Amino acid sequence: MEPRLSLVTLGVRDLDRARRFDCDGLGWPATAGGDAAAGEGGVASVPGEVVFLRTGGVVLSLFGRDALAADAGVEAMGGGFAGIALAHNVRERADVDTALAQAVAAGATLTKAAIDASWGGYSGYFADPD
């Protein structure tokens with residue numbers, strides 16, 4: 001697997017409060033919906049659903065904690081889900097399956113097999129051994 005981090009996603013309890021803190025409080029610019037460039041990684045924020053913050057490289061994503069847990073196929077509270085997901089984007093669809101298989105072979109637990117996502121991509125999730 002190529003050593004590259006594309007997104008850091010934080011599962012937050014109150015998306016609007018988190019957006020205000022990071023954007024208004026810290027001054028980190030969010031990508032805008034409909035923005036052709038859409039910031040790093042070609043991602044655009046969707047009001048009420050997800051906020052992508054421009055950080056000069058890796059994209060910081062704010063996503064509702066319950067929605068993030070549901071997307072990953074894990075429980076939102078309790079052991080096993082800390083409210084964060086790290087994304088590793090790949091160039092080709094087949095590379096998603098290869099990366100997931102490599103992670104599982106290294107000791108990860110597959111929490112969600114790769115599927116066509118509602119946002120147009122193809123993604124899956126794994127949890128590291130910890």
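**Close-up views of a predicted model**

**View 1. Ala-18 and its contacts.** Leaving aside residues up to four places away in sequence, Ala-18 touches Val-12 and Leu-62 (contact means heavy atoms within 4.5 Å). This is a predicted model: local features need pLDDT of at least 70, side-chain atom pairs count only at pLDDT 80 or more, and totals for chains, interfaces and linings use all residues. Residues are numbered from 1 along each chain as its sequence is written, and side-chain values use heavy atoms, with hydrogens and water left out.

**View 2. The largest nonpolar core.** Nine residues form this core: Val-8, Val-12, Leu-15, Ala-18, Cys-23, Val-51, Leu-53, Leu-60 and Leu-62. A nonpolar core is a set of buried Ala, Val, Leu, Ile, Met, Phe, Trp, Tyr and Cys residues joined through side-chain atoms within 4.5 Å; buried means under 20% relative accessible area, exposed over 50%, partly exposed in between (1.4 Å probe, protein chains only). At least two residues each come from E1, helix H1 (15–25), strand E2 (50–53) and E3. Helices (H or I, at least four residues) and strands (E, at least two) are DSSP runs, numbered from the N terminus. H1 gives the most, with three residues. Apart from this core lies another, of seven residues, among them Ala-72, Ala-76, Phe-81 and Tyr-125.

View 3. Arg-65, Leu-68, Ala-69 and Ala-72 are buried in H2 (residues 65–72). They lie on the same side of H2 because they cover an arc of only 100° around the axis, taken from the directions from the helix axis to the C-beta atoms. Exposed Asp-66 and Ala-70 sit on the face turned away from the buried side.
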